[in-house]
Amino acid sequence: LGKMQDVSKNGRTVVFVSHQIASVQRLCTRGILLQKGRIEISSDINAVLDRYLAGSKVNADGNRQIEVNGGECRIMSWSIVRDYDSPDHSCISRESVTFRVRIESKRTIPCAHLGFVIRNLVGDLLLSANSRDDFQKPFDIPEGLTEIQVTARLPLRMGRYRLELAIADENFQLIDHWIAEPLLSILPCNNSVLPVEWHGLVNEPVSFEICK
């Protein structure tokens, strides 16, 4: 990969064919997605990877990693709560975001806790939290439909991200683990003079001044 990057910097074109998402994203600036021998999309590499990953999902309900007793307690959906007009699954970078997680249970789950994870589309872990962090008290999930709110500040760069949500009982045994659909979209809040490859993973404000 290092040699290919050196060659490309000298003005030569390198064609890299791979399913290794991290390597493709690091090396390439543009991409072509082939589907049964035909070009499905030819565009900026991030747009192509988004299309590739969207087509790789297991089903419209996301990817259910674990399900206990025939799904007696399931995470059904997620959305973002806010007071301005925007799609239900998007937010602005750097803002404090309240996620609403909808759960359906066939019985009461006492002293339950919720796991909350955000990853980029390459799979890097960006944020991980549990409802029992910082000595927070466990909660009961009653029978029927329940909504749980999760609030977090998201200083992430513009792009699309994947949520993972999990429910465990009082003995820390997993009941449900869901790689959620749809993806989370982060909208920009500022402009940068730097090219995309220098934006990094987080989007925190930085000030500069001369010290006399």
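This is a predicted model: local features need pLDDT of at least 70, side-chain atom pairs count only at pLDDT 80 or more; totals for chains, interfaces and linings use all residues.
**View 1. A nonpolar surface patch made by Ile32, Leu34 and Ile39.** Ile39 belongs to strand E2 (residues 38-44), strands being DSSP runs of at least two residues, and Ile39 is exposed at 56% relative accessible area, where exposed means over 50% and buried under 20%.

**View 2. The largest nonpolar core, with 29 residues.** Such a core joins buried nonpolar residues through side-chain atoms within 4.5 Å; Trp78, Phe99, Leu154 and Leu184 have the most contacts inside this one. Strand E7 gives the largest share, five residues.

**View 3. The aromatic cluster of Trp78, Phe99 and Phe116.** Rings pair if their centres lie within 6.5 Å, with planes under 30 degrees apart counted as stacked, over 60 as edge-to-face and the rest as tilted. Trp78 and Phe99 form a tilted pair, 5.9 Å centre to centre with 45° between the planes, and this pair ties together parts 21 residues apart in sequence, because Trp78 lies in strand E4 and Phe99 in strand E6. Phe99 is buried at 1% relative accessible area, and the centres of its ring and that of Phe116 are 5.0 Å apart, with the planes at 55°.

Residues are numbered from 1 along each chain. Local features need pLDDT of at least 70 and side-chain atom pairs 80 or more, whereas totals for chains, interfaces and linings use all residues, and side-chain values use heavy atoms, without hydrogens and water.

Notes. Patches are made of residues with over 30% relative accessible area and no salt bridge: like charges are joined within 9 Å, nonpolar side chains (Val, Leu, Ile, Met, Phe, Trp, Tyr) within 5 Å. Accessible areas come from the Shrake-Rupley method with a 1.4 Å probe; for residues, only the protein chains shown count as cover. A salt bridge is a side-chain nitrogen of Lys or Arg within 4 Å of a carboxyl oxygen of Asp or Glu. Helices (H or I, at least four residues) and strands (E, at least two) are DSSP runs, numbered from the N terminus. Buried means under 20% relative accessible area, exposed over 50%, partly exposed in between (1.4 Å probe, protein chains only). Rings of Phe, Tyr and Trp (its six-membered ring) pair if their centres lie within 6.5 Å; planes under 30 degrees apart count as stacked, over 60 as edge-to-face and the rest as tilted.
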